[in-house]
Amino acid sequence: MSILTITGAGVAYAYWTSIGSGVGSATTGQSVALTITSETAVGTLSPGSAGQTINFSVTNSGEGTQYPTAVTVAIADATGTAWVPTGTCLLADYTATISTAPVAGAIAPGASVPGVATVTLTNTGANQDDCQGQVVPLYFVAS
């Protein structure tokens with residue numbers, strides 16, 4: 001008579017089934033105001049002259065790419081309020097324009113794009129002596 005012996009090792013698994021849920025979130029960044037800085041004006045600002053040019057830069061100090069489409073300039077103080085010259089000099093005698101616009105489109109974080117503004121004093125044919133020595137403030141807006 002033969003005896004057959006079978007030995008073996010087995011692994012038993014036990015488990016429970018379950019379901020669960022959880023929550024999380026992500027926060028979308030916010031745009032940061034672009035910074036516009038200007039350099040010292042170059043040229044002569046006198047009645048009928050070509051005026052003065054002012055190089056400026058639009059800088060993205062934010063963490064994401066920003067897309068300005070235009071930059072404007074006005075003769076105004078740091079709050080955007082129209083400048084009032086002294087004496088008989090008139091604001092209407094001056095013009096400020098963007099003569100070289102920054103390239104519209106993407107500005108990467110930390111990057112800048114250049115532009116040029118021009119300020120002129122119209123020759124009105126009237127006495128403009130009170131316009132001598134006036135410091136003409138410029139107010140730039142990027143949108």
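**Aromatic pairs and a buried asparagine**

1. Two aromatic pairs are counted, where rings of Phe, Tyr and Trp (its six-membered ring) pair if their centres lie within 6.5 Å, with planes under 30 degrees apart taken as stacked, over 60 as edge-to-face and the rest as tilted. Phe 56 and Phe 140 make a tilted pair, at 4.8 Å centre to centre and with 40° between the planes. Because Phe 56 belongs to strand β3 (residues 51–59) and Phe 140 to strand β7 (residues 138–142), this pair ties together parts that are 84 residues apart in sequence; strands are DSSP runs (E, at least two residues), numbered from the N terminus.

2. This is a predicted model, in which local features need pLDDT of at least 70 and side-chain atom pairs count only at pLDDT 80 or more, while totals for chains, interfaces and linings use all residues. Residues are numbered from 1 along each chain as its sequence is written, and side-chain values use heavy atoms, leaving out hydrogens and water.

3. Phe 56 is buried, with a relative accessible area of 2%, and Phe 140 is buried too, at 13% (buried means under 20% relative accessible area, exposed over 50%, partly exposed in between, with a 1.4 Å probe and protein chains only). The rings of Trp 83 and Tyr 94 are edge-to-face, because their planes stand at 75°, with the centres 5.4 Å apart.

4. Asn 60, in the loop between β3 and β4, is buried at 0% relative accessibility. Its contacts (heavy atoms within 4.5 Å), leaving aside neighbours within four places in sequence, include Leu 34, Thr 65 and Ile 107.

Note on methods. Helix = DSSP H or I, 4+ residues; strand = E, 2+ residues; numbered from the N terminus.
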